[in-house]
Amino acid sequence: MEEQIITVKNLTKQYQTEQASGVKEISFDIKRGNIVAIIGESGSGKSTLLKCIYGLLKVDSGEVLFEGKRILGPDEQLIPGHKQMKMVTQDFSLNIYAKVYDNIASMLSNTNVQSKQSKTMDMMEHLHIMHLKDKKITELSGGEQQRVAIAKALVSDTSVLLLDEPFSQVDALLKNQLRADIKRIAADTGVTVIMVSHDPADGLFLSDELLILKDGKLLQKGKPADIYHHPDHIYTAQILGNAVVLSAEDALKLGINATKDNVVFYPEWVDLKSSWNSRRFEVKDVYYKGFYEELLLERNGVKIRAIQLNRGEHKKNDHVQANIDHFLEYAI
Ligand SMILES: Nc1ncnc2c1ncn2[C@@H]1O[C@H](COP(=O)(O)OP(=O)(O)OP(=O)(O)O)[C@@H](O)[C@H]1O
């Protein structure tokens, strides 16, 4: 079987608005069985891209291929969308008056009742929702509804699962569980998952490949760890790791001799030591982050952030030595 399941070629979809919006000249491939996360801030074009992949939007130029065949737009077929793909949106699109079992089974034809029943039960087993079988959708929590929506999307031989902001409705604890579920389901079923999120943690945790979108353009695509450690753009470092960005002038005030316009580093790259020498920073503030603290440090009027794993080791108004031996440089 071909390795690439989806190919996006020079895709442009602009809306008729005063400001440029939508997506512009985007190209990439998606490998069969991969989990791909499209990350970007609000308005960066994530949903537009997902809808174009599914065939819900008429593209201006370029094309999207599914197994080498062009995906038809909404003007080219009676029911928009693609038979082998399913999209789970934030509202889940469930029949709220029907039972969980019936919601999922409704995706299968009645020609073979026994197969319909066993496929539905298998999928419920997979998603750990068997105990909810006879409950109505209105009786379920947001996270439970989400599982039912995913089961419904996957039950009918789906090759590609499209998820639009899949974790927006759930609390932090459930979010971790659902992320792990999606990873397990993808591994078990071999389904290709394309998800859109504004939370970079979703992509870093879940995906085989990460796509960073900004103002409708694809900035970078690659494995999460590669992108995190070698971001092509300052924006990528900022969105993925809340990176510190300094002008070369400010960097020099900290003793960093930069050859380009900007110096960028992640707070965890800053090495802290108790200080008595002249390269010392003052701790201006300490932010509690659970198992670690983030310190706001200042030296010669320049502020940076650093991670402190030993909580309480350096306190507000303390002086510390902060070594920034590893950093990235970018021209404007
Ligand atoms: N139907 C539409 N008509 C006009 N402009 C639109 C339409 N849909 C989206 N846009 C604009 O296109 C840009 C990209 O929107 P899109 O919904 O794809 O972004 P997004 O990254 O998914 O954002 P969010 O995270 O807020 O959902 C935005 O500026 C948005 O206002």
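## Helix α1

In α1, the residues K46, T48, L49, L50, K51, C52, I53 and Y54 are buried, where buried means that 20 or more other C-beta atoms, placed from the backbone, lie within 10 Å of a residue's own, exposed means 12 or fewer, and partly exposed means in between. Because eight of its nine residues are buried, α1 is largely enclosed by the rest of the structure. Helices are DSSP runs of H or I with at least four residues, numbered from the N terminus. Just after α1, G55 adopts a positive phi of about 90 degrees.

The model is predicted, local features needing pLDDT of at least 70 and side-chain atom pairs pLDDT 80 or more, whereas totals for chains, interfaces and linings use all residues. Residues are numbered from 1 along each chain as its sequence is written.

Among the 13 residues around the ligand, Y15, S21, S42, S47 and T48 come nearest, a residue being counted if its C-beta atom, placed from the backbone, lies within 6 Å. Helix α1 (residues 46-54) supplies three residues, the largest share of this shell.

## Residue M130

M130 lies in the loop between α3 (113-126) and α4 (142-154), and it is partly exposed, with 13 other C-beta atoms within 10 Å. Between M130 and K51 there are 79 residues in sequence and 31 Å in space, C-alpha to C-alpha.

## Domains

An automatic or database assignment divides the chain into domain 1 (4-235) and domain 2 (242-330), whose C-alpha centres lie 39 Å apart.

Terms used
Helices (H or I, at least four residues) and strands (E, at least two) are DSSP runs, numbered from the N terminus.
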